Each structure stands twice: as C-alpha cells, then as structure tokens.
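I set out here what I looked up in this structure, entry by entry. I begin with contacts and then turn to the chain as a whole.

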Amino acid sequence: MWFNESVIYQIYPFGFCGAPDNNDGVPEHRILKVIDYIPHLVKLNINSLYFCPVFESSAHGYDTADFSKIDVRLGTNEDFKLVCDKLHENGIKVILDGVFNHVGRNFFAFRDVQEKKWDSPYKDWFHISFDGNSNYNDGFWYEGWEGHFELVKLNLDNPAVKEYLFDRVREWIDYFGIDGLRLDVAYMLNRQFMRELRSLCQSKKSDFFLAGEMIHGNYKEIINDEMLHSATNYECFKGIYSSFNSMNMFEIGHSLRNRFGKEDWCMYRGLQLIGFVDNHDVTRIASNLTNKNHIIPAYGILMSMPGIPCIYYGSEWGIKGRKEDGDKALRPETPSPEYNNITEFVSKAAKVHKETKALCYGTFEILHMTNRQIIFERAFESERVIIMINADENEYTAHYNANAGSGTDLLTGSHFDFGAGSKMPPYSVQYIKVQ
C-alpha cells in the first residue's frame, strides 16, 4: 500500500495559516496558502500531507460545529478542494483528522438538545443525564472528553450517529478526494465503530489509509485487518530525544528492539506505526534537545527506524516551541519555509526512505551499541541497509560483524568500506546499502 512507503508532513491549519484563535465568522481564504507550500513539500520529498482539523469549529478545530463545512477562518469547501486537487497533481496524498469521539457545543444536534431537552430527537446522540446539570448550566449533565466539557462526547453506539458521521466521510472522499484519516483519540474510540468505518472506507477506496492516535495502550487492539492500518508511535517518541539528552543510545535501541526486533516476543513486529520526533501536542524537537547538533541524528533515527515517518511543519528547519508555553507556541503561523542543513538532511533522508524497501518494510536488528553510538540493520528480501548514528562530538570507529565488505552511503552516494571498521564522523548519520 502507498502509505507504507510514505513520508507524511503534518500541518495544524489554523496555526499554519495564521487564523484567529476563535471563530469570528469572517470568511478568509487562508487554506490556499498550502498551495504555495507545495514546491517546498516536493523539494522535501513528501508524498502525504496530514491536516489537523479543517472543519467548522468555535476555537481549535477539535470542537467541531459542522462536519460538512470547511471552517470560514480557513476558507470554503471549494478552496479546500482546490488544495486537495493541487496536492494530488503533485503526487501528494491527503489525510484528514477524523474527530469522531466528540463535538463542540455549537454542533447542531447538541444545540437542539439544549433547546428542547427531553423532546430533542438528538438526546441519544450523546451521553446525557437529565438528573444533573453541566458546568454551563444547560439543565442536564453530559459526558465531555476527559473532563473537557467544551468537547461533548458522542454516543458512537447510536446507529444514527454512526450513519451521520459515515455520510460525512463519504462526502470527504467523493468531493475532496481524500486518501486517509487519522482518528483523534483512537485509544478511546468504540471498536465496532472503527470496524464499520474500515469497511466503509475500503468500499470507497481499496487503499484508503486509517491511522489512530494512540498515546497509551496496546497498539494491536486497533491495528489489524478489521480496524486500522497504523497508529502514532508515542512509545518510541520519548526514546529518541531522551537518548540524545542523556547520551544513552541504549534507551532508543532497546525500545526499538523490544517492539520491532526479530524475536517472537517483540510486541509490534510487522506493524507500521507512525513515527515522529514532535507534533502539535508536544514540545518541538529543537526545544527538546539540549544539544542542537543532535537534531539531524534524531531525524536520522526517525527516517530509518521501522514505521512511517511524519514531519511536523516547521520542525524540518528547526523552529522551536515548548508545550508548557501553550498551544500557540506549538502551532504557530509560518512564513516562507527556510532551508538550512536540517532541511537538506530531512529532504535527502525522506527520499532515501521512500525509495528503499528495507527502510519501509525491513526487519530490525541491532549490530553495535554504546552510550553514544548505535548501529542497526534493516533488511528486506535481498536488500540490506546498515544505519549508523553517532551522537558524539568526536569521530568513532566501530568494530562489529557487518557480514559485508563494502557498500554505498545512500545519503551521499559515496563508497563505504567495512574492512577497517565503520568510521563514523562526529554527529553523523550514515545509511549504508550493502553491496
């Protein structure tokens, strides 16, 4: 499937496009800015674009008010269709955020309940008790998402709710031509809902991609032939930056081996999880790393470890942002993209990842590891690639059994000889295809 050979680019449209924090009702065609970014995406070797929420909401997009309408702060449905068409013309797939667990308080069905209470035909669309009251003094209690009562939890067991959402998905596929969905808070979504969604999407597009946000829990519960294809790899996210900050490559090494190694007991061997070094909910990699020389080696691990790599907008040239400073710090408006050594590396590594079957599908095996260096192999059919990461400021020569005489560095095209040991320059990344 196309998504197994993808490098995904993620944007948070409201921030990326410079939209106001709250819906002012003033239409602006801000989403067209994405079209101007397409040359950057092509240069970056991106072939999938994941949009955080784009539909009408009151504030941040996860409080959906209308699943059929692009938020006026971003533009019109016609604007977004044009964006999708232009992306497709450039070989870039489109993935939307499927926010199906909850809606905003301005969602039509919830407003009807506010007005009509017991007499509303939509009262069973939510988890409501008329014996209590809400923080907003609605005259009834309702379940919000993890205690956030601006996000009203939907009753996904209700056939009418499912059919309403499925109709919207059909519209998105038919009109915008979307190629996939990332399901918000998938760890708490109704499993039967996911099964039915998978069936619907596959009936529309046989190669439609479904991924889920998994902050915790067992990925195998939702990744299977009946539900989702992938999920966000939060388990290895911390290990990447923490290994560099503590100068302990054993942390990410053991994390990857325990999940994706060759042994039968490895938890997620064969699963194609979405890897990332940052996203819209966590501190940017440039702010998370204590040594900025480690940004490229961190991306070096991301682009070569098992799974589907995802790049968060702006981080490919090293912009900063800390979670403790709030959403605005993590989701800023970005001007024209910058090009520096980080951008150049991400572009090269993305190209190598897409074009190398061993990096997309290969087994994982650690060949050599110290506190400051890690060397592992990805192998698929007859193709072998040895990945060498040096986190140290000094050159290092590793001696191990590579079972190879020479190879080619896929990032530089230069010849590599294993005979005298593997020489690793300071703060380096090498992807050696064994000859």
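I count two residues as in contact when heavy atoms of theirs lie within 4.5 Å. The model I am reading is a predicted one. With that cut-off I looked up S347, which is found in helix α12, residues 341-355. Leaving aside residues up to four places away in sequence, I found that S347 touches K43, L44 and N45.

I recorded 13 helices and 23 strands in the protein chain. I next looked up the radius of gyration and noted 23 Å, close to the 22 Å that the globule rule gives for 435 residues; the chain is therefore as compact as a globular protein of that length. Along the principal axes, the C-alpha atoms fill a box of roughly 80 × 45 × 40 Å. Of the 435 residues, I noted that 59% are buried. I also looked at contacts between residues at least 6 apart in sequence, and 67% of these join residues at least 24 apart.

I counted 45 positive and 59 negative side chains. The centres of the two sets lie 3 Å apart.

How many disulfides does the count give? I recorded 0. A disulfide is a covalent bond between the sulfur atoms of two cysteines. I noted C17 as buried at 7% relative accessibility. C52 is also buried, with a relative accessible area of 0%.

Most residues other than glycine have a negative phi. K117 lies in the loop between α4 (108-116) and β7 (128-129). With a relative accessible area of 27%, K117 is partly exposed. I also noted N137, which is not a glycine and has a positive phi of about 60 degrees. N137 is found in the loop between β7 and β8 (141-142). Its relative accessible area is 59%, and I recorded N137 as exposed.

Where does I319 lie? I placed I319 in the loop between β15 (308-312) and α11 (327-330). At 17% relative accessibility, I319 counts as buried. Which residues does I319 touch, not counting residues up to four places away in sequence? I listed R284, A286, Y313, G314, P332 and T334. I also looked up V7, which is 312 residues from I319 along the chain. The C-alpha atoms of I319 and V7 are separated by 20 Å.

Definitions and conventions. Residues are numbered from 1 along each chain as its sequence is written. This is a predicted model: local features need pLDDT of at least 70, side-chain atom pairs count only at pLDDT 80 or more; totals for chains, interfaces and linings use all residues. Side-chain values use heavy atoms; hydrogens and water are left out. Helices (H or I, at least four residues) and strands (E, at least two) are DSSP runs, numbered from the N terminus. The radius of gyration is taken over C-alpha atoms; the globule rule is 2.2 Å times the number of residues to the power 0.38. Buried means under 20% relative accessible area, exposed over 50%, partly exposed in between (1.4 Å probe, protein chains only). Lys and Arg count as positive and Asp and Glu as negative; His and the chain ends are not counted. The place of a charge is taken as NZ of Lys, CZ of Arg, CG of Asp or CD of Glu. A disulfide is a pair of cysteine sulfur atoms within 2.5 Å.
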